[in-house]
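Dear colleague,

Please find below the structure I promised to hand over. My findings follow directly after it.

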Amino acid sequence: MARATVAGALSLVAAGCAISRQQEIAMGSDYSRQINAQLPIVRDPEVNRYISLLGDSIARVADRSGLDWHFYVVDSREVNAFAVPGGFIYVNRGLIERTTRMSQLAGVLGHEIGHVVRRHSVKQMEAAQRANAGITLGCILTRVCDYGATAAGIEIAGGLFFAKFGRDDEREADRVGVDYLVRAGIDPRGIPEMFRILLEERSRRPDAVSAWFSTHPLEEERIENAEAAIATYSAERVRGLTRDTERYQAFRRRLQSLPVAAAPPAR
């Protein structure tokens, strides 16, 4: 009887840890409101219009669940980009200003869209919830949580939202990003090009790209893997895809002309 009770409790715990698409969207909306209140977001209508058009052109071919996608430019010279579950993508102006053509930014957007579509953050949170639920069940059955150090461990899950993705997740986001760009009519060679730009920047000015590398594992292997994924398409097809547009260059010039947001006061 005791074994049956424990097994039943474990199955209920596992079922309760799944995050539905509706929960993901609600959670992402809440996180996005907090982010937009705390980070300096570029409010220029022309910049916002372009980043949304480019992002939507990729998300449209990537997402089959009908998410309402939102794309933001963060007014920071620091090089970074990240995705929030539910379809919220953020790119720092510092990253955009280091691009030379549209396909490079499109590669970053395709990669971040891949994290959302493949639910990488959500899966991390579900795993953390299962681990915490297991601890909680252990507390109920054994009273082990009467000891303070164990109880403190239950609170760690919230930090996983901005955790560093594993190499498998990064490789998958690169691979599907290549596919998304090809289907959107954009040259996927922008992905390894952007990687090389960032690696070169790291060799010259490591502090300028430290935020990116702290959350995006990037070595030569990822460039090789991206190029291998691109090689699965015919060279003729890839050559016919869009690498750059005058509209993108106008977007970059517009962004570079805007004053940079003041740094927040030190606390």
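The notes below go from the chain as a whole to one residue and the helix pair around it.

Please bear in mind that this is a predicted model.

The chain as a whole

The chain has 267 residues, of which 47% are buried. Its secondary structure consists of 13 helices and three strands. Among contacts with a separation of 6 or more, 72% are between residues 24 or more positions apart.

Glutamine 104

Glutamine 104 lies in helix H5, which spans residues 102–117. The relative accessibility of glutamine 104 is 2%, so this residue counts as buried, the cut-off being under 20%. Apart from neighbours within four places in sequence, glutamine 104 contacts Thr99, Gly190, Glu193, Met194 and Ile197. Glycine 190 is 86 residues away from glutamine 104 in sequence, yet their C-alpha atoms are 4.0 Å apart.

The packing of H5 and H9

Helix H9 covers residues 190–204, and its axis is 7 Å from that of H5, at an angle of about 90°. The two helices, H5 and H9, are therefore roughly perpendicular. On the H5 side, the contact involves Ser103, Gln104, Gly107 and Val108; on the H9 side, it involves Gly190, Ile191, Glu193, Met194 and Ile197. Sorted by class, the residues in this contact are four nonpolar, four polar and one charged.

With kind regards

Note on methods:
Residues are numbered from 1 along each chain as its sequence is written. This is a predicted model: local features need pLDDT of at least 70, side-chain atom pairs count only at pLDDT 80 or more; totals for chains, interfaces and linings use all residues. Side-chain values use heavy atoms; hydrogens and water are left out. Helices (H or I, at least four residues) and strands (E, at least two) are DSSP runs, numbered from the N terminus. Buried means under 20% relative accessible area, exposed over 50%, partly exposed in between (1.4 Å probe, protein chains only). Contact means heavy atoms within 4.5 Å. Axes are lines fitted to C-alpha atoms, for helices over the stretch in contact, and angles run from 0 to 180 degrees between N-to-C directions. Angles under 35 degrees count as roughly parallel, over 145 as roughly antiparallel, 65 to 115 as roughly perpendicular and the rest as oblique. Ala, Val, Leu, Ile, Met, Phe, Trp, Tyr, Cys and Pro count as nonpolar, Asp, Glu, Lys and Arg as charged, and the others, Gly among them, as polar.
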